[in-house]
Amino acid sequence: MKKIAIYGAGQIGTQVMTYLLTTCKTEAEVIMFSPHNFKRIEGAYEDLKDAVALTNQNTILHFKPTNNIVDLAQSDIVFFCAGIFPKPEEYEQALQKGIDDRLLQAVKNTEILDAFCLAVNQVCPKAKIFIITNPVDLMTEIARKKLPDAEVYGLGCYLDTARFKREFAEIMQQNGTNLRIEDIHAWILGHHSGTMFLHQADFTFKGQELYQHQNLNNLMMQALTKTRQRGLFITKLNCASQTQKLNNGAYFAPAMMVFNIIKAFLENQTILLPLNRTFYPQDNFNCEGAAQLLCKIQNGNIYPVFLQNTPEDIKNMQDSLAEYEIGKKALAEYIK
């Protein structure tokens, strides 16, 4: 029986629990950890059990809310989704100094990540680790250094890919083309930030290659711009609520990312998705380090998937990495 651990008692973790309890039919052990707030998880779990009963179903998932790090021992997969969001005024101040809104969250979340890595090294050092907390690419880089025996991946452009498909389908429909999300084959790569880009060589809809059609460039860029701005757009909407006290960002969609990955592992599904992983020579981007690149989850393992690239894809990836390094330096100065 697989053992899944979710580190964090916020809205993402709770929503993952909702998806699992109401739809998952595979037996598994799910540990939900929070050092201070695990009673909130326990309350949500008890409430959700009643919700499942209203559907006349039984769940075969074994949930355990806990604040004891030992309960994460021997976990096969661990999701890190704990974090603190900056205040709206902090976002504005950072933007004025050229700090990406997602990168700013490192100021709040690095200490939490350090505690997480210490715990994983103690109780499940060889688990597969998925980082959700923003800035996900920087958090993944830090975690990868602190967890030398674990496979560490960052989640971000998986969601951005789905966002782009939805945005592009809507824009095409507004321009007279009836296009469904499932008609679109696309990957958003790079970093989960304003530098993410559409991988042009692999972009098609209804089987037609698009990157060479100049008349579609404007519509593609409209969709990509909206995708890049989507997270901050949702955050600003949520911050407009005077009673909002928890996660001000998106959580339904990030939780669905986590759920899809858990389901793939539990049900031996094969899925393709971008993840932050290290570059291989076969990626043909002429880059070192790590970025959101295509991967495959299959039979409980994660494999790199190598794509053909246009010259523009290579340039976009190199530009994304360069901006990432500039952002890290700017953030270090900002923290000082």
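Helices (H or I, at least four residues) and strands (E, at least two) are DSSP runs, numbered from the N terminus. In this predicted model, local features need pLDDT of at least 70 and side-chain atom pairs count only at pLDDT 80 or more, while totals for chains, interfaces and linings use all residues. Residues are numbered from 1 along each chain as its sequence is written, and side-chain values use heavy atoms, with hydrogens and water left out.

M32 belongs to strand 2 (residues 28-33). With a relative accessible area of 1%, M32 is buried (under 20% relative accessible area; exposed is over 50%, partly exposed in between, with a 1.4 Å probe and protein chains only). Its C-alpha atom is separated by 9.2 Å from that of D71, 39 residues apart along the chain.

| Residue | Residues touched |
|---|---|
| M17 | M32, I41, A44, Y45, L48 and F63 |
| M32 | I6, G13, T14, M17, I41, F63, K64, P65 and T66 |

A nonpolar core is a set of buried Ala, Val, Leu, Ile, Met, Phe, Trp, Tyr and Cys residues joined through side-chain atoms within 4.5 Å. The largest one has 44 residues, of which M17, L20, F63, F79, F130 and L155 touch the most other members. Helix 9 (residues 252-266) gives the most to this core, namely nine residues. A second, separate core of 35 residues includes I69, L72, V78 and I142.

Key
Contact means heavy atoms within 4.5 Å. Lists of a residue's contacts leave out its neighbours within four places in sequence.
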